[in-house]
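Hi there,

Here is the structure I promised to pass on. Please have a look at it first, and then read on for what turned up.

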Amino acid sequence: MTGDPRLASVKDWLLSRKPELADLDLDFDLIENRVIDSLSFLEFVFFLEELTGRELQATAETVNAFRSLHNIQKEILNGSL
Amino acid sequence: MSQTSTRTGSIEQILDRIIGLSVDTYYNPYKTFQWPDELPEAQWWMSPGLMTVAGTPYAEELSEAQLMALSKWESIHFYSLNVHGIRDLVLEVVKRIHTPGFEKESEFFHHFVGEENEHMWFFATFCLKYGGKIYVDKKASWAIDSVEPDIESLLVFARILIFEEIVDYFNMRIGGDETLHPIIRQVNNIHHQDESRHIAFGRELVKQLFSQLAQKYSQEKLQAVDQYLRRYLLASVQSLYSPAAYRDADVPNPYKFRTELLEHPGRREHNAKILKRTVDFFTHNGIVSEQADLR
């Protein structure tokens, strides 16, 4: 995990909703492993929007940006999605 | 076994009745509405008691002008949710029309898809004409789970029913609020009239699809359905709280505002009231095992 406190916040948010998980690797597939599912996705988008201070383009085409902590860091926290 | 082969006559009676009503009460939506060029900004766009600040100190602390602005953007958000929700449900019904298991329902599905398409048109027209936009749909658009087709069908029609019942709660109240602009009342009243048929059908179909699953699947599978639907009920009511609408109404810190509203006891009461009829239906029929926890 990098030292970006925003990424640590993302990880904390996800782990708080999946207490059975001890940790999340950067490349762990959050969707495939149902850490995020269709019913929690909207709340996750709002959390990330508040964290980044901007509206996100959450569409079928951009779903991979939400797929792992690594992608979130690259595409959302440090990117322009 | 066909999904319809074990159904009782009640769904057939309902289908006969609502298809007849669809034909007899058919209207041309493209000629029904006399859309004013614009609506006054300084008015209530929805009943104040239906806004997401109702039952919280914000209903008193915000000025009337701020509340009216919020009522406008919450209305545009509500109608945008309708546009997106209808698109999703039409896609699911079209996937099933004239497929095995839905032989009896397919005649009604033609009316359903036609009516829902028209509802989507008048909600979109309202948003574009008076809000200048349709709020973007940020719900997850990927397939939720790989579940058995008959479980998926139950979840699809349960989601449609939950969506329609929540919307109808608002339609009935907005349509009956004589302080609101006539075009706002008309849009909601007409939608309510059509949705009454869709809800009657949806309740019967969900009951019967579930009774088939209950005979076929383990308690573990049924509990997963129960858990999913309880989460869906909660997610549906939470989707009414829109940071984008709060931002457009110039509410500072819209995400924090949304979180505060969702955590407020007054809002939990309102959320429970919005969902009561629906939760009662699902619990009464043993589909959802307990009152949904709306916290």
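This is a predicted model: local features need pLDDT of at least 70, side-chain atom pairs count only at pLDDT 80 or more; totals for chains, interfaces and linings use all residues.

Where in chain B is B:P36 found? The loop between α2 (29-32) and α3 (58-61) of chain B holds B:P36.

The scores are ipTM 0.90 and pTM 0.92. Chain B has an average pLDDT of 92, with 94% of its residues scoring at least 70. The pLDDT is below 50 over residues 1-7 of chain B, a stretch with eleven contacts in the model beyond near neighbours in sequence.

Now to chain B as a whole. Its secondary structure consists of eleven helices and zero strands. For its 295 residues the globule rule gives 19 Å, and the radius of gyration of chain B is close to that at 20 Å, so the chain is as compact as a globular protein of that length. Its C-alpha atoms fill a box of roughly 60 × 45 × 30 Å along the principal axes. Of the residues of chain B, 40% count as buried. Taking the contacts in chain B with a separation of 6 or more, 77% are between residues 24 or more positions apart.

On to the inside. The largest nonpolar core has 69 residues, and those with the most contacts inside it are B:L70, B:L154, B:F157, B:A158, B:V206 and B:L229. At least two residues of this core come from each of α4 (64-96), α5 (106-130), α6, α7 (182-216), α8, α9 (243-248) and α11 of chain B. Which residues does B:L154 contact, leaving aside neighbours within four places in sequence? They are B:V206, B:L209, B:F210, B:L213 and B:V225. Another core, of 16 residues, lies apart from the largest one and includes A:V10, A:F44, A:F46 and A:L69.

Among the buried residues of α8(B) are B:V225, B:Y228, B:L229 and B:L233, and so is the charged B:R230. Part of what covers the buried residues of this helix is α6 (149-175) and α11 (265-284) of chain B.

The two chains also meet. Twelve residues of chain B are in contact with 13 residues of chain A. On the chain B side, α8(B) contributes the largest share, three residues. That side divides into seven nonpolar, two polar and three charged residues.

Finally, chain A. It has three helices and zero strands. A compact globule of 81 residues would have a radius of gyration near 12 Å, which agrees with the 11 Å of chain A. The C-alpha trace of chain A spans about 30 × 30 × 20 Å along its principal axes. Of its residues, 21% count as buried. Residues 24 or more positions apart make up 54% of the contacts in chain A with a separation of 6 or more.

Best wishes

Terms used: Residues are numbered from 1 along each chain as its sequence is written. Chains are lettered from A and ligands numbered from 1 in the order in which they are written. A residue is buried if 20 or more other C-beta atoms lie within 10 Å of its own, exposed if 12 or fewer, and partly exposed in between; C-beta atoms are placed from the backbone. Helices (H or I, at least four residues) and strands (E, at least two) are DSSP runs, numbered from the N terminus. Two residues are in contact if their C-beta atoms, placed from the backbone, lie within 7 Å. The radius of gyration is taken over C-alpha atoms; the globule rule is 2.2 Å times the number of residues to the power 0.38. pLDDT is the predictor's confidence in each residue, from 0 to 100. A nonpolar core is a set of buried Ala, Val, Leu, Ile, Met, Phe, Trp, Tyr and Cys residues joined through C-beta atoms within 7 Å.
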